[in-house]
Amino acid sequence: MTLSIPHPFPYQGSKRNIAKYILPHFPSDVDCLIEPFCGAAAISIAACTYELSQSVLLNDLNKPLMDLWFEILKQPEQLVERYEALWLEQQLDKKAYFFKIREEFNQSHQPHHLLYLLARIVKGAVRYSAEGTFNQSADNRRSGMQPATMKKNIISVSRLLAHKTSIQSADFREIINKAGKRDLVYMDPPYQGTSFTRDHRYMNGLTYEAFVEALSVMNDKGISYLISYDGITGNKTHGKLLPEFLCLKHLYIHAGRSSQATLLGGNDETIESLYLSPALVERLVAEKSNEIYTATRKQQELALI
Ligand SMILES: C[S@@+](CC[C@H](N)C(=O)[O-])C[C@H]1O[C@@H](n2cnc3c(N)ncnc32)[C@H](O)[C@@H]1O
């Protein structure tokens with residue numbers, strides 16, 4: 001059955017379009033789904049739509065983004081009213097109004113200002129200067145999501161997540177420390193082609209080595225995790241593969257002309273990597289053999305009856 005999955009705001013790098021390829025790798029007994037690089041949290045939203053996790057922990061290093069998430073979960077009505085007021089006010093001079101709100105956001109980091117900026121910026125691509133100032137420009141051909149559509153999306157996301165989601169804003173290493181054996185960590189770090197270099201697209205530089213080191217610690221602790229990672233666009237491979245010593249299961253997802261292709265300015269089809277941790281693979285295999293065992297038992301019982 002295909003359910004409709006709401007999305008709270010446009011966000012470059014969102015995994016919205018490929019969630020359907022990622023969810024089948026979820027075990028059926030997830031206590032808490034942890035998203036340390038959550039952005040627009042496409043995977044958590046999709047997982048909650050299909051009731052694949054008891055609870056959710058959302059985290060992103062971008063603090064104003066997590067303040068926006070807090071509003072989405074706790075005060076969605078007020079947030080959408082404020083968005084509507086901004087959206088209507090912009091009509092006289094959209095271009096100048098965008099700069100005004102961007103200026104105000106840089107002063108006070110108000111969640112509804114960020115929501116408005118996200119709805120208006122080019123390709124939903126958040127950019128900060130080296131000093132941490134939001135400096136992305138508006139797409140002036142568009143007005144940003146209509147208030148009615150925004151309301152529908154935000155209220156639906158809030159209903160899905162609010163009662164079971166907690167929110168943090170910290171470096172991902174602090175968050176993965178919280179994972180237990182019955183949890184599942186889904187990681188979608190910034191692309192190596194972007195913030196692994198120092199262009200500040202996502203506010204900080206995360207090194208490949210630091211990421212690999214964190215994965216190695218998670219392996220030692222037997223944590224189940226999934227990673228979306230750089231892939232291949234056309235015949236060009238982006239970023240280094242994750243090292244063999246981590247013993248990850250490496251799958252490829254045909255992502256179509258995805259966020260990454262757009263980000264890198266191309267038109268080719270993108271194939272994204274999905275890595276499964278050894279503990280997750282073990283958990284899925286155990287689940288499968290359990291299912292087969294139960295089905296065989298059922299058949300035997302039926303035969304006896
Ligand atoms: C590719 S985006 C995630 C997109 C997300 N999967 C979605 O569906 O919208 C990567 C995110 O990682 C965040 N980030 C970058 N460095 C981080 C770090 N060290 N710890 C936690 N989050 C970080 C960025 O702010 C950005 O939102």
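These legends accompany close-up views of helix packing and strand pairing in a predicted model.

**View 1. Helix H4 against helix H6.** H4 spans residues 76-89 and H6 spans residues 111-120. Their axes come within 9 Å and cross at roughly 55°. H4 and H6 are therefore oblique to each other. The crossing of H4 past H6 is right-handed. On the H4 side, the contact uses Leu 79, Arg 82, Tyr 83 and Leu 86. On the H6 side, Pro 111, His 112, Leu 115 and Tyr 116 meet them. By class, this contact of H4 with H6 has 6 nonpolar residues, 1 polar and 1 charged.

**View 2. Helix H4 against helix H7.** The axes of H4 and H7 come within 10 Å, and they cross at roughly 160°. An angle over 145 degrees counts as roughly antiparallel, so H4 is roughly antiparallel to H7. H4 passes H7 in a right-handed crossing. H4 brings Pro 76, Leu 79, Val 80, Tyr 83, Glu 84 and Trp 87 to the contact. H7 answers with Pro 147, Met 150, Lys 151, Ile 154, Ile 155 and Ser 158. The residues of this H4 and H7 contact divide into 9 nonpolar, 1 polar and 2 charged.

**View 3. Helix H2 against helix H7.** H2 covers residues 42-49, and H7 covers residues 147-161. The two helices pack at an angle of about 65°, with their axes 9 Å apart. H2 and H7 are therefore roughly perpendicular to each other. The crossing of H2 past H7 is left-handed. H2 contributes Ser 44, Ile 45, Cys 48 and Thr 49 to the contact. From H7 come Val 157, Leu 160 and Leu 161. The contact of H2 with H7 holds 5 nonpolar residues, 2 polar and no charged ones.

**View 4. Strand E1 beside strand E2.** E1 (residues 32-35) and E2 (residues 55-59) pair in the parallel sense. The pairing runs over 4 bridges. Ile 34 has Leu 57 as its bridge partner in E2. Between the two strands, the chain passes through H2. This β-α-β crossover from E1 to E2 is right-handed. The connecting helix H2 is the one that packs on H7 at about 65°.

**View 5. Strand E1 beside strand E4.** E4 is made of residues 184-187. E1 and E4 also pair in the parallel sense, over 2 bridges. In E4, Val 185 is the bridge partner of Ile 34.

How values were computed
Residues numbered from 1 in each chain as written. Predicted model: local features only at pLDDT ≥ 70, side-chain atom pairs only at ≥ 80, totals over all residues. Axes fitted to C-alpha atoms, helices over the stretch in contact; angles between N-to-C directions. Parallel < 35°, antiparallel > 145°, perpendicular 65-115°, else oblique. Left-handed = near helix turned anticlockwise from the far one by under 90°. Contact = placed C-beta atoms within 7 Å. Nonpolar A, V, L, I, M, F, W, Y, C, P; charged D, E, K, R; others polar. Pairing = 2+ DSSP bridges. Right-handed = clockwise from strand over helix to strand, strands pointing away.
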